[in-house]
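I open this notebook to keep a record of what I looked up in one protein structure. My entries go from the whole chain to single residues.

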Amino acid sequence: MANYSYETLQRMSSYPWEGLKPGQRKSVRSWNRKEGVSEPDMLEAERLLETNPNMSMDEALGKVTSPAYKAASADTKERIAELRKAATPESEPAKPAKQAKPETKPKRDVAELVGEALNPKPADGVTGPDWQWLDQLPVDHAPVSSQGVYIALATAMRVNPGMWTRMRAYVRSDRKRGRQAARALANRVNSGDIPSMRPKGSFEGAYRTLEDGSSVCFARYVGEE
């Protein structure tokens with residue numbers, strides 16, 4: 001597994017999940033566990049990312065650790081348990097009669113199955129020696145950059161000068177480390193370290209620890225001198 005810097009792991013944790021390579025996802029998981037994320041919260045966040053790959057790990061963790069989400073999840077589990085209990089018959093039903101086994105087709109070679117999946121047979125008259133037909137394009141695994149992560153937010157802040165916006169929230173069991181992470185991101189905004197928030201001094205960053213224990217980095221566009 002690659003050794004990423006602390007700031008790089010911060011950026012990857014806020015990057016859309018579908019844009020990360022498998023190795024980068026593994027690094028983000030490990031980093032968040034070290035930052036104090038519990039195993040149940042991590043598993044719930046990963047389940048959420050399976051159906052919402054456009055979300056980042058930070059967004060998923062922020063959602064699954066919110067009191068409203070936990071309350072809704074507990075209520076859903078309770079209702080599922082009640083429905084299962086109601087559907088369970090008091091006496092065991094009679095076993096259905098055995099049906100004749102269907103004809104089994106001969107097993108096919110794995111390479112043959114994979115080849116068909118990757119190169120389905122196209123319509124007659126549209127074949128070529130090196131053509132490959134795919135229903136969907138593969139995921140783009142371009143390297144993550146801070147420019148790409150924050151460029152949309154920076155553009156929106158330029159449209160709303162002087163107004164503060166939440167740039168990123170850190171939900172950590174260790175409040176001190178969460179506050180340090182929020183402060184580090186605010187310092188990057190103020191120092192012009194983020195390419196999409198240059199020149200230096202045109203954006204202002206600040207950080208606060210909220211009532212729920214999360215540490216948040218706020219930022220705003222103040223204009224160029």
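The entries below record each item that I looked up, in order.

**Entry 1: the whole chain**

I note at the outset that this is a predicted model. I counted eight helices and three strands in the protein chain. Reading from the N terminus, I wrote the order of elements as α-α-α-α-α-α-α-β-α-β-β. I then looked up burial and found that 30% of the 225 residues are buried. The chain exposes about 15,700 Å², and carbon and sulfur atoms supply 53% of that area. For contacts between residues at least 6 apart in sequence, I recorded that 57% join residues at least 24 apart.

**Entry 2: helix α1**

I asked how many of the residues of α1 are buried. The helix is mostly covered, with six of its eight residues buried. I listed them as T8, L9, Q10, R11, M12 and S13.

**Entry 3: W17**

I located W17 in the loop that lies between α1 (6-13) and α2 (22-34). Its relative accessibility is 6%. Buried means under 20%, so W17 counts as buried. I next looked up its contacts, leaving aside neighbours within four places in sequence, and found R25, V28, R29, L49, P53, M55, S56 and M57.

**Entry 4: S56**

I turned to S56, which is found in the loop between α3 (39-51) and α4 (57-64). Is S56 buried or exposed? I recorded S56 as buried because its relative accessible area is 3%. Not counting residues up to four places away in sequence, S56 touches S13, S14, Y15, P16, W17 and L49. I recall that S13 is among the buried residues of α1.

I looked up which residues of α4 are buried and found M57, D58, A60, L61 and V64. Seen down the axis of α4, these buried residues fall within an arc of 165°, so they line one face of the helix.

I then examined how α3 and α4 pack. Their axes are 9 Å apart and meet at an angle of about 120°, and the crossing is right-handed. From α3, the residues D41, M42, E44, A45, E46, L48 and L49 meet M57, A60, L61, K63 and V64 of α4. Sorted by class, this contact has eight nonpolar, no polar and four charged residues.

**Entry 5: L153**

I found L153 in helix α7 (residues 146-159). I classed L153 as partly exposed, because its relative accessible area is 21%. Leaving aside neighbours within four places in sequence, L153 is in contact with T165 and M167. The C-alpha atoms of L153 and M167 are separated by 7.8 Å, and the two residues are 14 residues apart along the chain.

I asked which residues a cis peptide bond joins. The bond joins R198 and P199, with omega about 5°. I placed P199 in the loop between α8 (175-191) and β2 (203-209). For comparison, I noted the general rule that most peptide bonds are trans.

How values were computed
Residues are numbered from 1 along each chain as its sequence is written. This is a predicted model: local features need pLDDT of at least 70, side-chain atom pairs count only at pLDDT 80 or more; totals for chains, interfaces and linings use all residues. Side-chain values use heavy atoms; hydrogens and water are left out. Helices (H or I, at least four residues) and strands (E, at least two) are DSSP runs, numbered from the N terminus. Buried means under 20% relative accessible area, exposed over 50%, partly exposed in between (1.4 Å probe, protein chains only). Contact means heavy atoms within 4.5 Å. Accessible areas come from the Shrake-Rupley method with a 1.4 Å probe; for residues, only the protein chains shown count as cover. The arc is that of the directions from the helix axis to the C-beta atoms. Axes are lines fitted to C-alpha atoms, for helices over the stretch in contact, and angles run from 0 to 180 degrees between N-to-C directions. A crossing is left-handed if the near helix is turned anticlockwise from the far one by less than a right angle, and right-handed if clockwise. Ala, Val, Leu, Ile, Met, Phe, Trp, Tyr, Cys and Pro count as nonpolar, Asp, Glu, Lys and Arg as charged, and the others, Gly among them, as polar.
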